[in-house]
Amino acid sequence: MSTLHLPRPIARLMEEALDLLFPPRCAGCGRPEWPWCPACAATVSPLLPPVCSLCGIPWLRGERCSRCKEDPLHLDGVRSCYIYSGPIRRALHQLKFHGRYRLAQALATGMVEGWTRFGMEADLLVPVPTSSARQRQRGYNQAAVLAQALSERLALPMHPQALRRVRATPSQVGLAQRARRENVREAFAADPQWAWGKRVVVVDDVCTSGATLEACAAALYQAGARSVWGFTLARVILKEERDQKLRL
Ligand SMILES: [Zn+2]
Ligand SMILES: [Zn+2]
């Protein structure tokens, strides 16, 4: 059962009670050490500058990567805290299929570091809304779990109701960049009551092409947001990005 639907103090008490019974474990491999065991801590890959000023992939040669020069994402920018690999990949899998408050707390520590590293600023955090069918299946939205943990750590407001999905979209897995953008176009709507005049940061677990964050941003700009950045725990480095980069 997810504890996310309970009032937060009660959810936390339950987590604390569970910690006594089941001590917190390494987010990457489950050994009884927290947040990472030494082996996982040695293999997590923080995403470090220099990065492309727009999409945030590791990038050495000038301000924008080749893809952003040719076909830029339409939002203020994207930043991610880790390369999607090793222990981070395993931790996200855990979070996706066995949502745990403690795990989100462990991952939030790295997100706060990433936030500071990239000088992020926001008036409002908004998680990428998952489809209601997917949320029903899992009982919670992992982007919201991460955004909630980040919001508590940074003392920034989070309002999931600022953004909603207005149409279900097939999974992005296996789609090429152009198809991904087409797949999520106009899939979201934002509420000006929350977004108007705000510097909004859209939070998600993983960024692959940036297409979902871009579609969220389109809705938020339309609702009057002053700026929209994407911020994700992890970043998938695509094959063509590995080929074009020169680093990693
Ligand atoms: Zn470990
Ligand atoms: Zn780029």
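Q: Is strand β1 (residues 77-83) enclosed or open, and why?
A: Seven of the seven residues of β1 are buried, so this strand is largely enclosed by the rest of the structure. Buried means that 20 or more other C-beta atoms, placed from the backbone, lie within 10 Å of the residue's own. Strands here are DSSP E runs of at least two residues, and helices are H or I runs of at least four, numbered from the N terminus.

Q: What should I know about the model itself?
A: It is predicted: local features need pLDDT of at least 70, side-chain atom pairs count only at pLDDT 80 or more, and totals for chains, interfaces and linings use all residues. Residues are numbered from 1 along each chain as its sequence is written, with chains lettered from A and ligands numbered from 1 in the order in which they are written.

Q: Back to β1: in which sense does it pair with strand β6 (residues 227-235)?
A: Parallel, over six bridges; two strands pair if DSSP finds at least two bridges between them. Val78 stands opposite Gly230 in β6.

Q: New topic. How many residues of helix α7 (residues 142-154) are buried?
A: 10 of its 13 residues, so α7 is mostly covered. Among the buried ones are Leu146 and Leu150.

Q: What covers them?
A: The cover includes α4 (86-97), α5 (101-117), β2 (124-127), β5 (199-207) and β6.

Note on methods
Buried ≥ 20, exposed ≤ 12 C-beta atoms within 10 Å, placed from the backbone. Contact = placed C-beta atoms within 7 Å.
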